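Trainee: Could you walk me through this structure? I would like to go slowly and pick up the terms as we go.

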Amino acid sequence: MQVKRNALAGSGSSAEPRIVAALTTTAARAACCFVVRNVPLTTADGAHSAALHVIRSVEPYDIPTVAWIAAVTATLSAVGVNVRHPPQERVRVSFKDATAAPSAKRGATSPRKETDLPVNRTEFLKTGLGTAAGLGLAGAGWDWARAAETPIGNYPAGTEGSSVFVGLLCDLTGSYSADGEDLRKGYLLALDDLNNGTGVMAKIASLAGKKGLLGKKVEYKVADTETKPDPAVQHATEFITQNKAIMFCGGVSSAEVIAMAKLGQQQKVIYMTGASGSNDTTGKDCQRYCFRSQLDAYMVAASLGPHLVKAYGKNRKAIYLTPDYSYGHSLANSMKAETEKLGWKTVADVVAPFPTSDYSSYLTNIANSDADVFINIEFGNDGIASTKQAAQFGIMKKMQLVIPNISTYLPDGLGPEIMQGVYGTQDWYWRLQDRYPLSKIFVQDFVGRWKIRPRWTAHIAYAQTAIWADAVTRAGTFNPVNVIKTLEEGKPTNLMLGPVHYRAGDHQQVRPCPVLLGKKPSAMEGKDDFFDVVDVVPGERVMQPLEDTSCKLPAYS
Amino acid sequence: MHLIEAQALNGLALGAVLSLVALGLTIVFGLLGFVNFAHGALFMVGAYAGWVVYSQTENFFLAMVAALVVTFIVGLVIERVLIRMYYRRPPEDQILVTYGLAIILVEIVRAIFTGVTRQMPTPAWAAGTVQLAGIFYPQYRLVLIVIAAVTLAILYVVLFRTRIGLIVRAGIDDALIVNILGVNVNRTFLLVFALGAAIAGFSGIVDAPLLAVNPDMGTDLLVQSFVVVVIGGVGSFFGAILGGLIAGEIISLTTAFAADYSSVALYAAMALVLIVRPQGLLGVEGRA
Amino acid sequence: MSLLEVDAVNTYYGDSHILFDVSMRVEEGEVVALLGRNGSGKTTTMMTVMGILTPRSGEVRFAGHTISGRQPYEIAGLGVQLVPDTRRIVKTITVQENLELAAFSAKSPWSLARIYETFPRLEQRKSFMGRSLSGGEQQMLAIARALIRDARVLLLDEPFEGLAPIIVRDLLETTKKLASEGRTILIVEQNVRAALLLAHRTYVLSKGHVVLEATPADLEARPDVMHRYLGV
């Protein structure tokens, strides 16, 4: 290697090309994430994650490399880039940020935000100063009143400024990145609606005619979880400790969601899940500080099962393809239990690691079984790859395909030829706007903001944010214990699926469950009109009995 | 026992693609002396270039050509404006810069095409199944084996029967002496980097009908093809093929009988090779 | 004007200063020996001339062109050819391919037939891989590779090192023959006796400085210098 480098003449290596290399990497991530997708990841964050990746990719750990990475980190710190706290303290510098300080009651300690609002400087200053002034008198008394309460989590520390902070964790890269991007769009719309008093937020009784939450602006930042639990927890921790997040939310895989829920419980910060279909999320891994709105596996199975039996008859033989983690096993087991109860047999449950790109080995086993229904539990890009490859194996010629939990952009990746006649469920589907007026408003506003229709992870994002905001307003405080108790009262919030509420015993949302059937290509009106809504099953009818959930909610404090 | 034969065939198809991807990686690695972490991203760029053309023309051959041409040009540009500055730098810098490049490519594609998975269907003429000894097997996977074999054969001719091939092979072993003997290695490096990129891009489009076409599709593949290179031996043409086939069969056969251990088995095989023959099965001892 | 001129060159290896104001010249048709103990800077001088290392100050000129700062392949294109001390035979290609590789960019290469005439041993081994050659065969191939390029100046770095005496004798004959044909050679050699047999003129290097320029006869007449700088 030494001599090879000399091949092009010259010698020696000074510090600055190394910085250039590091900066190329970091600028890459920062520029792309922040310019293109408006995610305020920063140069330091890029360096940090690049460094982490390099460290992870060098195995067994090569001491000089790791040492060198430490050196780069140190160098970057020296030139003024703080690497220790990647996504928090480095904020994109723009005129929007420049106005943050005057609006903050406690000045410089206010967490800065990414607004995404098309505001100009003066307008922003006015609102900021107005808010600050409005809070002036009331604020003093409020602080005094709160001094009597026991601090818990980030309360009251995170609520002392003129704004509160919410951490958004989205799977922007990795196997579930399409779902994560939709999730992000949903959060941004929800929080802007909340701050501006517009959209579906304004239709919620407690929030009508108000801007922000309890008179405070809700600020937020997005972090990329990479569809992995470790980065998810790492970013969430940073949001909690450095931004004093009063609530955090997001995640698309149950593995991430369960890990973040644990963190929320430990830190006593409320966590509203993103997408999570595993029974464990509100079962054996349930947490007092975690609330889940998506259908759990049991609800999917209980809603879908009767339709399958009605469509395909009794005495069918099903084979499963299942991703090897909490969600996969949970949904496969629920589907097996439900369909077996209704008279079907299970031929086999073929388990594949998560993630996988080549499914040929698993599909060979499935193709050569005597099953006549193929139930594909795979999700996201894995769902697309496995289904595509199954079609190539001719599996759909001899078996009926069922996808119990259809990920947001799966139909786009597979095309209507494969999707037609396929039964499944989604948390929400835009065609539900024909049944629910708030869904109609939601779709309209979302299209206005993002130029495309929302998918169901955006629905989760919006709904979860709205329910939390409703609970905070009704509780009249950000104190998480009061907010949780308000949510546990079971008083419904009227949203895109009508009135919904959480069950107090496990924090699973009781909500309508849409059953979908893939349309024929000829029947589609537009390119995202993939499904007919064949049924919307009332949530109360398909909830798993609380005593079967093995959920024991931990203490409030 | 048809199932075992079917799994062996799966391994062959998987191994064919892995060989191809690993070959691009190994010649760049061999000649330039460092791992191109952007190889997986170039695989993805090829898939997208092909997908764009396919969605306009429905012609898979044009898609393959587009993938080749686009990634070749991308390779030329990258080598010229970026990689060239790093040949004399420590390996850590090289890793960082190609890693950064991978992020740039992935994010550019995400910015243009969004993160939504694109629908890349199986070409109609290869969409069916064929019956082989009593089992149904996807025609496209057989086509894939043929495409990979033909491509490898062409590359063999280029590498072993042409002047530029000789320079590349010599450069992989010792770039300095090639330089001393009057050959402009800068030009060779440029060409080889672009060739490696084109091979990655080509693999991307031929593999696309099997995969979910999205910006992250190349990420995991990079790791597997790196394992293939280690097993086969850095810089070795036949090593890449042998390594690819071994890896493909290991993954498929362990998946069939003990799915939980498929990736473990692959890494165990790599560890075994590293213990018994650190330079890789067909690698040459004592090189970088 | 000399064919090859090294003018007040200072070369560094990383941060360590190796050559201090080294100056020397080689005339057309001359054989010049570069002598000195291990670590005196002989190989560094050769690498500087070939363009593998770039001097921080000073200049190397060849046939009127300034070549310091240029790439090795450009310098080779002008007619300077290094036979490195480690020989650097490409291990993964055959003997013949090694020769073909060298011939690619040569202006009027020797024919393979002429090379095989000079080195019959290489013809027997032409389809063997580079890695299978013995030390003597590698050295023959390394010199043959330089010859096939028909270079105006050969830089031979320790051509006899580590070889059996009988092979040294053969190679010495070959080199003598090349010299008598009028080829310009700059040779570095630990084997002082062998070098003095070949050279028209010598430079003695010590710790990166040129300490003496002398004819072989003058040098042999000064046992103190031979002892002090060359350990003979």
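This is a predicted model: local features need pLDDT of at least 70, side-chain atom pairs count only at pLDDT 80 or more; totals for chains, interfaces and linings use all residues.

Mentor: Residues are numbered from 1 along each chain as its sequence is written, chains are lettered from A and ligands numbered from 1 in the order in which they are written, and side-chain values use heavy atoms, with hydrogens and water left out.

Trainee: How many residues does the contact take from chain C and from chain B?

Mentor: Chain C gives 24 residues and chain B gives 20 residues, where contact means heavy atoms within 4.5 Å.

Trainee: And how many salt bridges are there between chain C and chain B?

Mentor: The count is three, a salt bridge being a side-chain nitrogen of Lys or Arg within 4 Å of a carboxyl oxygen of Asp or Glu. Among them, D174(B) and R88(C) meet through their side chains at 2.8 Å, N to O.

Trainee: Which elements of chain C supply residues to the side that touches chain B?

Mentor: α2 (72-78), β6 (80-83) and α3 (95-103) of chain C each supply at least two residues; helices (H or I, at least four residues) and strands (E, at least two) are DSSP runs, numbered from the N terminus. The most comes from α3(C), with four residues.

Trainee: Changing topic, which cysteines form a disulfide?

Mentor: C286(A) and C551(A) do, with their sulfur atoms 2.1 Å apart, a disulfide being a pair of cysteine sulfur atoms within 2.5 Å. The torsion about the S-S bond of C286(A) and C551(A) is about 90°, so this disulfide is right-handed. The two cysteines are 265 residues apart, with C286(A) in the loop between β4 (270-273) and β5 (290-291) of chain A and C551(A) in the segment after α22 (539-542) of chain A.

Trainee: Where are the cis peptide bonds in chain A?

Mentor: One cis bond runs from Y155(A) to P156(A), with omega near 5°, and P156(A) lies in the loop between α8 (121-146) and β1 (163-170) of chain A. Another cis bond runs from F354(A) to P355(A), with omega near -10°, and P355(A) lies in the loop between β7 (345-352) and α14 of chain A.

Trainee: What about T114(B), is its phi positive or negative?

Mentor: T114(B) has a positive phi of about 60°, although it is not a glycine, and it is found in the loop between α4 (91-113) and β1 (129-132) of chain B. Most residues other than glycine have a negative phi.

Trainee: Last one: how far does helix α10 of chain B reach?

Mentor: Helix α10 (residues 237-258) of chain B has 22 residues and reaches 31 Å from its first C-alpha to its last, close to the 32 Å expected at 1.5 Å a residue; the expected span is 1.5 Å times one less than the number of residues. At the start of α10(B), a side-chain oxygen of S236(B) comes to within 2.8 Å of the backbone nitrogen of G239(B).

Key. A polar contact is a pair of N or O atoms within 3.5 Å; within protein, one must be able to donate a hydrogen and the other to accept it, and residues adjacent in sequence count only if both atoms are side-chain atoms.
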